[in-house]
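Here is a short tour of the pockets in this model. Have the sequence and the 3D view open as you read.

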Amino acid sequence: MRSLVRGLVAGAAGTTVLNATTYLDMALTGRSASSAPADTVTAAADLVHLDLPTAGSREEAYGALAGLGVGVGVGAVAALVRSAGVRLPWLAESAVIGFGAMAATDGPMAVLQVTDLTTWSATDWGRDVVPHLVYGAAVACALRVTEPDDERDDGRDDEGPARPGRLLLRSLAIGLATGARSSWGLVPPGLVAGKAPLALAGGLVGTELVFDKLPSTPSRVGGPTVARVLSAAGGAGVLARHEGAAGVWPAVAAGAVGAVAGTVLGSVWRDLCADRSWEAAGAVVEDAVSAALTAYAVAT
């Protein structure tokens with residue numbers, strides 16, 4: 001109960017900072033407030049056949065209340081996860097919380113067709129990413145400040161990050177990489193199994209890096225997403241078992257979530273690059289990022 005209350009407080013603090021960042025941007029640029037939060041609430045209400053009053057400024061109020069609910073709720077979840085023993089370095093925890101809140105906000109908007117994320121400009125993404133990362137940093141700070149002395153832990157031991165948190169972060173990394181290139185998920189099993197399987201995994205990675213650049217290559221969204229999720233979940237599971245983790249399933253789940261996120265983010269990135277005729281450069285950047293994530297995931 002104490003952790004839940006701390007999480008609610010941290011979420012409220014983070015939401016305040018997020019709103020301040022957004023309003024500062026509006027004050028500096030003169031842009032108008034987004035109607036997407038209000039549109040999302042009304043779309044969700046229509047989906048469940050709930051008749052909400054919309055006279056006056058009620059729709060704007062619904063959007064604001066929904067945003068507060070998401071912000072406080074994500075803070076509560078972050079506190080419960082932390083109290084369960086998952087401790088990450090501050091920067092990593094800030095990023096995970098920030099992107100988690102971003103997914104909780106943007107996901108419903110996309111599912112309810114309030115907006116098409118693939119049409120967003122780089123400026124649009126910047127105005128979405130920055131406030132949510134600031135939110136994540138504020139929540140992570142608040143959780144640490146309000147933590148009792150007998151529970152306080154910076155998530156590190158003498159050799160680095162605490163093992164459960166680090167394993168989850170590495171599993172998420174292999175998932176994100178596999179969302180970009182599905183064969184990256186085969187690298188952990190290859191490393192564990194020996195030289196021949198590793199060489200096979202490397203050959204598959206190299207083949208995919210080439211075929212990914214061909215115009216005839218189909219979209220990764222849809223049916224291929226399932227294969228990416230399975231590849232990432234398997235790779236994360238191998239990582240967890242190889243390190244003798246007490247539980248394999250949290251790592252498997254983190255890998256699967258990372259694969260979905262990597263698939264969506266990669267698709268959005270490539271669409272943005274295509275709109276600006278940066279197809280080749282965008283693909284190479286994605287190659288480099290996914291390779292770096294894989295290297296981090298398999299590092300010991």
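## The largest pocket

The largest pocket holds about 1,900 Å³. Its lining is made of 49 residues, with Phe99, Leu172, Leu176, Ala261 and Leu265 lying nearest the centre. A pocket here is an open set of points on a 1 Å grid over the protein atoms alone, where a 1.4 Å probe fits, with protein on both sides within 12 Å along at least five of seven lines; lining residues have an atom within 4 Å of a point. Volume is the space filled by probe spheres set on the points, which are joined across faces, edges and corners.

Helices H3 (58–83), H4 (90–111), H5 (122–145), H6 (163–180), H10 (249–275) and H11 (279–298) each give two or more residues to this lining. H10 gives the most, 14 residues. Helices are DSSP runs (H or I, at least four residues), numbered from the N terminus. By class, the lining has 40 nonpolar, 4 polar and 5 charged residues (Ala, Val, Leu, Ile, Met, Phe, Trp, Tyr, Cys and Pro are nonpolar; Asp, Glu, Lys and Arg charged; the others, Gly among them, polar).

## The second largest pocket

The second largest pocket has about 1,300 Å³ of space. It is lined by 40 residues, and Thr22, Ser34, Ala36, Pro37 and Thr105 are the closest to its centre. H1 (2–29), H2 (36–47), H3, H4 and H5 each supply at least two lining residues, and H3 has the largest share, with 9. The classes here are 19 nonpolar, 13 polar and 8 charged.

## About the model

This is a predicted model, in which local features need pLDDT of at least 70 and side-chain atom pairs count only at pLDDT 80 or more, while totals for chains, interfaces and linings use all residues. Residues are numbered from 1 along each chain as its sequence is written, and side-chain values use heavy atoms, leaving out hydrogens and water.
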